[in-house]
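Welcome to this guided tour. Open your viewer, get ready to select residues by number, and follow along stop by stop.

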Amino acid sequence: MLINIKGKNNSLVFVFSPGTIKEFREFLQERIDKTPQIFKGSQVIFSGIGLNGLTHEELAELQLMCLNNGMILKNDENENKSSEKSSNHEHLIYYRNIRSGQKISAPGSVIIWGDVHESAEISAGGDIIVLGRLGGIAHAGCYGDMNSIVFALHLNPTQIRIANRISRASEDSSKRNFPEIAYFDQDNICISAYDNKNSKIWR
C-alpha cells in the first residue's frame, strides 16, 4: 500500500512507502473524499521512508492538504525519526527582502533580515521571525505545532496561520509601527506588542 494509515495513541499515523508527490496527493485525496468523517478533527502523524524522497515544498503540500481537510498535524519525534525533513532542526535564514509572489518554506523556523512584501508566502514548521515588515501570508507551525509564533518589527500580513488556525490582519495594523507577536492562546490566534518580559504568555 502506498500510504498505510493506522491508528495509534488516539492519532492517525500515515506511513509512507516510496512514491512520488503526485501518487501521494492522489492517494490521500481519494481516501479523504471516500471517508471524510474519519479524518476531520483527527491528529495525524507523518512517518515512513517515502518521506525521504520528498522536497520540503512537497512535504508542506501534503501537510497543508491535511490541514485544509480539518486534520490536526502532530509532530512525534519518536514516530518520525526516519524523516529528517520533518524535524524542527532545519532552519532557514534570509539576509534580504522577500519579493511579492515568492514562496519560502522550511521544516524548522524561518528568520528574515528584511521585509516580506505583499503576496509573498512564508511557511515554517517552527517560528517565523521577520526583522522588518511582514506582509503577505505567514504560516507558522505548519506541521501542527501550536506553540509556534510569528514575530515582526512591523506586523501587517494579509493572513496569519498557526498550525490549523487562521487569522487576518486587523484594519489598523498598518498604523502600528512597533514589534508585535502572534501566538496561539485559548483556541485563538492572539496578536500583542512584543515584550520579552512576558514571553511566558506565548511559551
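## A patch on the surface

Begin by selecting I93, Y95 and W113: together they form a nonpolar patch on the surface, with about 400 Å² of accessible area. Keep in mind, here and at every later stop, that you are looking at a predicted model. Is Y95 buried or exposed? With a relative accessible area of 64%, Y95 is exposed, because the cut-off for that word is over 50%. Y95 sits in the loop between strand 5 (92–94) and strand 6 (103–106).

## The whole chain

Next, zoom out and colour the protein chain by secondary structure.

## Into the cores

Time to look inside. Select I3, F14, F16, F46 and L62, which have the most contacts inside the largest nonpolar core, a group of 24 residues. Which elements each supply at least two residues of this core? They are strand 1 (3–8), strand 2 (11–16), helix 1 (21–34), strand 3 (43–47) and helix 3 (56–68). Stay with I3 for a moment and show its neighbours. Leaving aside residues up to four places away in sequence, I3 touches F14, V15, F16, F24, F27 and L28. There is also a second, separate core of 22 residues; select I122, L134, A138 and A140, which are among its members.

## A loop stop at T20

Now select T20, in the loop between strand 2 and helix 1. T20 has 40% relative accessibility, so it counts as partly exposed. T20 and G50 are 30 residues apart along the chain, and their C-alpha atoms are separated by 8.4 Å.

## Strands side by side

Move on to strand 7 and strand 9 (residues 128–134), which run parallel and are joined by three bridges. Which residue of strand 9 is the bridge partner of V110? Select I128 to see that partner. Strand 9 also runs parallel to strand 11 (residues 150–155), and five bridges join these two. For one pair to look at here, select R133 together with its bridge partner in strand 11, H154.

## Two positive phi angles

The last stops are about backbone angles. Most residues other than glycine have a negative phi. Select S119, whose phi is near 75°, a positive value in a residue other than glycine. S119 lies in the loop between strand 7 (110–112) and strand 8 (121–124). At 47% relative accessibility, S119 counts as partly exposed.

Finish at D187, where phi is near 70°, again a positive value in a residue other than glycine. Where is D187 found? Look in the loop between strand 14 (180–185) and strand 15 (188–193). D187 counts as partly exposed, because its relative accessibility is 47%.

Note on methods. Residues numbered from 1 in each chain as written. Predicted model: local features only at pLDDT ≥ 70, side-chain atom pairs only at ≥ 80, totals over all residues. Heavy atoms only, no water. Helix = DSSP H or I, 4+ residues; strand = E, 2+ residues; numbered from the N terminus. Buried < 20%, exposed > 50% of the residue type's maximum accessible area, 1.4 Å probe, protein only. Core = buried A, V, L, I, M, F, W, Y, C linked by side-chain atoms within 4.5 Å. Contact = heavy atoms within 4.5 Å. Patch = residues over 30% accessible without salt bridge, like charges linked within 9 Å, V, L, I, M, F, W, Y side chains within 5 Å. Areas by Shrake-Rupley, 256 points an atom, 1.4 Å probe, with all protein chains shown as cover. Salt bridge = Lys/Arg side-chain N within 4 Å of Asp/Glu carboxyl O. Pairing = 2+ DSSP bridges.
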